[in-house]
Amino acid sequence: QKGKTYTVGKNKYKVLNTAKKQVAFAGLKNKKSRSASVPSSVTLGGTRYAVTEISKNAFQNCKKLKTIMIRSTKLKKIGANAFTGTSANLKIKVPKAKMKRYKTLFPKRVSERIKKI
């Protein structure tokens, strides 16, 4: 159902488009997690959805977060304030092929911390 948020494992996902099978990474189940992983796809109700966005406020105030592993190669948008309140030592790992594209997609303060997988 479009607009509905689901929890799968340690992550929350919001359905963006059921026809195109797209979801947004909406955040972490536990804000005190030390690491996070944004997968390329997730299965909700037996249907596989591609992760194409990181929602606004997704990692907001996750102060203990040290590493974010982004496996999705289909990210098109990063929501506002997605990384506000995160640690200054936060490391973000992205697919090698998308390094250049993601550096422009992420906020400037965060893009300096991006590394290749």
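Is proline 95 buried or exposed? In this predicted model, where local features need a pLDDT of at least 70, side-chain atom pairs count only at pLDDT 80 or more, and totals for chains, interfaces and linings use all residues, proline 95 is buried, with a relative accessible area of 12%. Residues are numbered from 1 along each chain as its sequence is written, and side-chain values use heavy atoms, with hydrogens and water left out. Buried here means under 20% relative accessible area, exposed means over 50%, and partly exposed covers the range in between, with a 1.4 Å probe and protein chains only. Proline 95 is placed in the loop between β9 (91-94) and α1 (99-105), where helices (H or I, at least four residues) and strands (E, at least two) are DSSP runs numbered from the N terminus. Between the C-alpha atoms of proline 95 and asparagine 57, which are 38 residues apart along the chain, the separation is 23 Å.

A pair of aromatic rings is described by the distance of the centres and the angle of the planes. Rings of Phe, Tyr and Trp (its six-membered ring) are taken to pair if their centres lie within 6.5 Å, and planes under 30 degrees apart count as stacked, over 60 as edge-to-face and the rest as tilted. By this rule there are five aromatic pairs. One of them is the edge-to-face pair of tyrosine 13 and phenylalanine 25, at 5.9 Å centre to centre and with 85° between the planes. This pair links distant parts of the chain, since tyrosine 13 lies in strand β2 (residues 11-17) and phenylalanine 25 in strand β3 (residues 22-28), twelve residues apart. Tyrosine 13 counts as buried because its relative accessibility is 2%, and phenylalanine 25 is likewise buried, with a relative accessible area of 0%. Both belong to one aromatic cluster, formed by Tyr13, Phe25, Phe59, Phe83, Tyr102 and Phe106.

Lysine 115, which lies in strand β10 (residues 114-116), is partly exposed, with a relative accessible area of 42%.
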